[in-house]
Amino acid sequence: MAKMWQGRFKKELDEKVNDFNSSISFDSRMYINDIQGSIVHVNMLGKQGIIDEKESKIIAKELANIHDDLLSGKLEIDPSAEDIHMFVEQVLTQRLGDLGKKLHTARSRNDQVALDLRMYLRTQIDEIIGLIKKLIAVLVKKAEENLTTVMPGYTHLQRAQPITFAHHLMAYVEMFKRDMVRMFNCFDLMNECPLGSGALATTTYPIDREYTAEYLGFNNAMLNSLDGVSDRDYCMELANAIAICMVHMSRLSEEVVLWCSWEFKFIELDDAYSTGSSIMPQKKNPDICELIRGKTGRTIGNLTTLLSMMKGLPLAYNKDMQEDKEAIFDSVDTIKLCLSTLAPMLDTMKVYKENMANAGKKGFINATDCADYLVKKGLPFRDAYKITGSLVAICIDRGETLDTLPIEEYKKLSDKFEKDIYEAISLEKCVNERNAIGGPAPQAVAKHIEKIKNTVLKEEDNED
């Protein structure tokens, strides 16, 4: 396929250089966006009298035909083409002759590429937001099922204080909720139209940029043509939001790996979301979680690629910027794959409530409540803290827990202890008393769940 720009050159492009320069292998996914942008552009050209309006309608109709032919498979993308933009224009010219050559009037490939990428990423953000919502819905469902499932809360991976499994899951709901906000922000930031920026300095033709911006669903036309073609901050912004969301999924995945081990046995993954060993027949491996952990590194790497690519580029367009697509496309594909796999895996996992409760009875996770018991009876917290620490040491030496240690041992350290200490340090009471906003008490978590249902998940429920 001949190059549209080859008039300036006396030699054919070296075959290896052509392959090196080509981006059709990865930017072909934007063909729908490219054709949509071209149809609106050529309609604007006709409206403004830059080309004959009848001719603009013929071009627009044939572009729609190319779209349909690509969608049906009647037309296949030529892998030898330089990029998707050149491919569409060359097919149009083959079908319409010289008339097809008028499409690129008042437009550069620079603003065309910037337009296509923004349009494509907008659709991907919508899909990612939808997948995050589905993951949140699964977490909320599991939380509702486990409002009273007591488990240890951890710091430094050491048993710390009693919480509920619902409370733990809802912590991730908050993280993914913020991830959604970041995605919405990305959408808003990139929803400005670069079309009409030209190569870098707009054009002398009387174009109507507000028309193209409106019909392509943008909030407005970009106010500086150099900025329109020379920045990819929207790619970096999205790559960052994706990387953060992947980190949240990776942390959750790591906990699932721990929870389904024999050492914890808090949960069991469904057979459909586990794999076995090639040599050890007893194994049931959480490979999905491990892959999510690994793929998180890819998205962090893609963010680094984009930041490094842009950090030293002078205005305006530079060919370095062709490297934006593979990085951001890979991040988009990766997060969509991980979200669509993690949600059903969590939805089908079995929760071993009794094992969680038994783990909660060990590790002295009610020690803080024991200290608080003394504080409520007038003792300074630091004194109460020291006494409780001594009680824990005694329990360890005797193989007891705070629940089983005789009241006589309590009284040796403080006469403020009475038999009601056992009720005060029961795990259920420890949890139920933490009823402040954000606390693990079932009542507090139920309110949190209801709020998420009425805000984050409300739109999804309406769609159903």
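A nonpolar core here is a set of buried Ala, Val, Leu, Ile, Met, Phe, Trp, Tyr and Cys residues joined through side-chain atoms within 4.5 Å, where buried means under 20% relative accessible area, with a 1.4 Å probe and protein chains only. The model is predicted, so to speak of local features takes pLDDT of at least 70 and side-chain atom pairs count only at pLDDT 80 or more, while totals for chains, interfaces and linings use all residues. Residues are numbered from 1 along each chain as its sequence is written, and side-chain values use heavy atoms, leaving out hydrogens and water.

**View 1. The largest nonpolar core takes in 77 residues.** Those with the most contacts inside this core are Leu-121, Ile-136, Phe-176, Met-183, Met-249, Ile-267 and Leu-346. At least two core residues come from each of H6 (109-145), H7, H10, H11 (287-310), H12 (324-347), H13 (353-360) and H19 (442-454); helices are DSSP runs of H or I, at least four residues long, numbered from the N terminus. H6 gives the largest share, 15 residues. Apart from this core lies another, of 33 residues, including Leu-63, Leu-70, Cys-193 and Leu-195.

**View 2. Here is Phe-176 with its contacts.** Skipping neighbours within four places in sequence, Phe-176 touches Ile-132, Leu-135, Ile-136, Leu-139, Cys-245, His-248, Met-249 and Leu-252. Contact means heavy atoms within 4.5 Å.

**View 3. H7 (residues 165-190) meets H10 (residues 233-259).** Their axes come within 8 Å and cross at roughly 165 degrees, which makes H7 roughly antiparallel to H10 (angles over 145 degrees count as that). Axes are lines fitted to C-alpha atoms over the stretch in contact, with angles from 0 to 180 degrees between N-to-C directions. H7 passes H10 in a left-handed crossing, meaning the near helix is turned anticlockwise from the far one by less than a right angle. Sorted by class, this contact has 17 nonpolar, two polar and five charged residues. Asp, Glu, Lys and Arg count as charged; Ala, Val, Leu, Ile, Met, Phe, Trp, Tyr, Cys and Pro as nonpolar; and the others, Gly among them, as polar.

**View 4. Ile-129 sits in helix H6.** With 6% relative accessibility, Ile-129 counts as buried. Beyond neighbours within four places in sequence, Ile-129 is in contact with Met-180, Met-183 and Phe-184. The C-alpha atoms of Ile-129 and Ser-340 are 12 Å apart, though 211 residues separate the two along the chain.

Methods: Angles under 35 degrees count as roughly parallel, over 145 as roughly antiparallel, 65 to 115 as roughly perpendicular and the rest as oblique. Buried means under 20% relative accessible area, exposed over 50%, partly exposed in between (1.4 Å probe, protein chains only).
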